[in-house]
Amino acid sequence: MKQYSFKNIILFPNYFLCLFIAITINICSYAQIEGRNILPSVAEFKDKIYSCEENEYLLALSGHYESGIYIEDTIVNKSFGSTTLYKADDNGYISDISRYSQHGGQQVSALSYRLKIEYDNFGHIISMSHFLLPSSIDDISLLISYKYNSIGQLTESVSKSTMPFNNSATTTTYYWSDEKVDSAITISNFGQRTLTTKQCYVAVDTNGSYNVIRNDGTIELSKEFNKEGVITRSVKLDDGVKCVTIYNDHGFEIYEETPEYDEKNSVSIIKYSDYEYDKHGNWIKRVKNIIVDGKEIPNTITERTIVYSSK
């Protein structure tokens, strides 16, 4: 992997986000660990922090000739519109995530995503509120609440969503004592259609690796962990289509393979490399590469500035 220089950064204008993109969130796809590590952006931070700012630099391949020899270069462009701000509460837990994006012809970044998280006194997440952006900065589009038993084990979560055209759905998810999903019941407002999905978790080895088995016996999801309990590989099957993610020794993604669902049945491959960490073990820099026709092409550099809580 080529070393990238930030000496000559080309500045691009910022834009208003004027196109609303609806994102459907599947609560069952998030990791459940002691009721706290519900989603990756919360789980991946180690130690108590005060705030974190995440910025992206877009990469593009270029090149020039020197004495008849083609020299390949990588151009680095600062993407002002791709900034994510993480804020923590007084206990150092991530409690507010805001993402700013650019779209259109204006020169101002617009808030495109916001998530607020509330915790109990034991550090368990009790609610997550997703806001309807950019349409409204006050309206909640998805509210997820969590319940625990007397010893702090996750027992139930309720997801209430309100989509455009007054359509809404409520999903109640129940968990076993090890906080893995037992069943999920979804009730939507069009015809009160009820969908019940039951899953069975089967242990694979003593490291905690497991498979999720559907009622018909097919494997829906597999997760593998090393002896230290760090995830190393996950494979998800969606109607027979395989999605593979491989992780490094820190538990962060280094390889993602997902289907494109096009006429050619293409596969999208993304690689993350050149991770840099601070003394707390949090990553502060990484490079994203995409694979096109077998060639690895640099795509994005992401940098984080993390401020830790003094408490």
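## A tour of rings, cores and one serine

Start with the aromatic rings: seven pairs turn up if you pair Phe, Tyr and Trp (its six-membered ring) whenever ring centres lie within 6.5 Å, calling planes under 30 degrees apart stacked, over 60 edge-to-face and the rest tilted. Before you click further, note that this is a predicted model, where local features need pLDDT of at least 70 and side-chain atom pairs count only at pLDDT 80 or more, while totals for chains, interfaces and linings use all residues. Numbering runs from 1 along each chain as its sequence is written, and side-chain values use heavy atoms, with hydrogens and water left out.

Stop 1: Select Phe-252 and Tyr-275. Their ring centres are 5.9 Å apart with the planes at 20°, so this pair is stacked. The two come from distant parts of the chain, 23 residues apart: Phe-252 is in the loop between strand S16 (241-247) and strand S17 (253-259), and Tyr-275 is in strand S18 (residues 267-277). (Strands are DSSP runs of E, at least two residues, numbered from the N terminus.)

Buried here means under 20% relative accessible area, exposed over 50% and partly exposed in between, using a 1.4 Å probe and protein chains only. Bring in Tyr-277 too, and you have the cluster that ring pairs link together: Phe-252, Tyr-275, Tyr-277 and Trp-283.

**Stop 2: the cores.** Next, select Ile-94 and Ile-117. Within the largest nonpolar core, which has 21 residues, these touch the most other members. Strands S2 (49-66), S3 (69-88), S4 (94-101), S5 (110-119), S6 (125-131) and S7 (140-148) each give this core at least two residues. Apart from it lies another core of six residues, including Tyr-210, Leu-221, Phe-225 and Tyr-247. (A nonpolar core is a set of buried Ala, Val, Leu, Ile, Met, Phe, Trp, Tyr and Cys residues joined through side-chain atoms within 4.5 Å.)

**Stop 3: arginines over rings.** Show Arg-99 with Tyr-113: the charged end sits over the ring, 4.7 Å from its centre. Then try Arg-114 over Phe-131, at 5.5 Å. The rule wants NZ of Lys or CZ of Arg within 6 Å of the ring centre and within 35 degrees of the ring normal.

**Last stop: Ser-51.** Find this serine in strand S2. Ser-51 is buried, with a relative accessible area of 19%. Leaving out residues up to four places away in sequence, Ser-51 touches Tyr-86, Lys-87, Thr-305, Ile-306 and Val-307, where contact means heavy atoms within 4.5 Å.

Technical notes
Helices (H or I, at least four residues) and strands (E, at least two) are DSSP runs, numbered from the N terminus.
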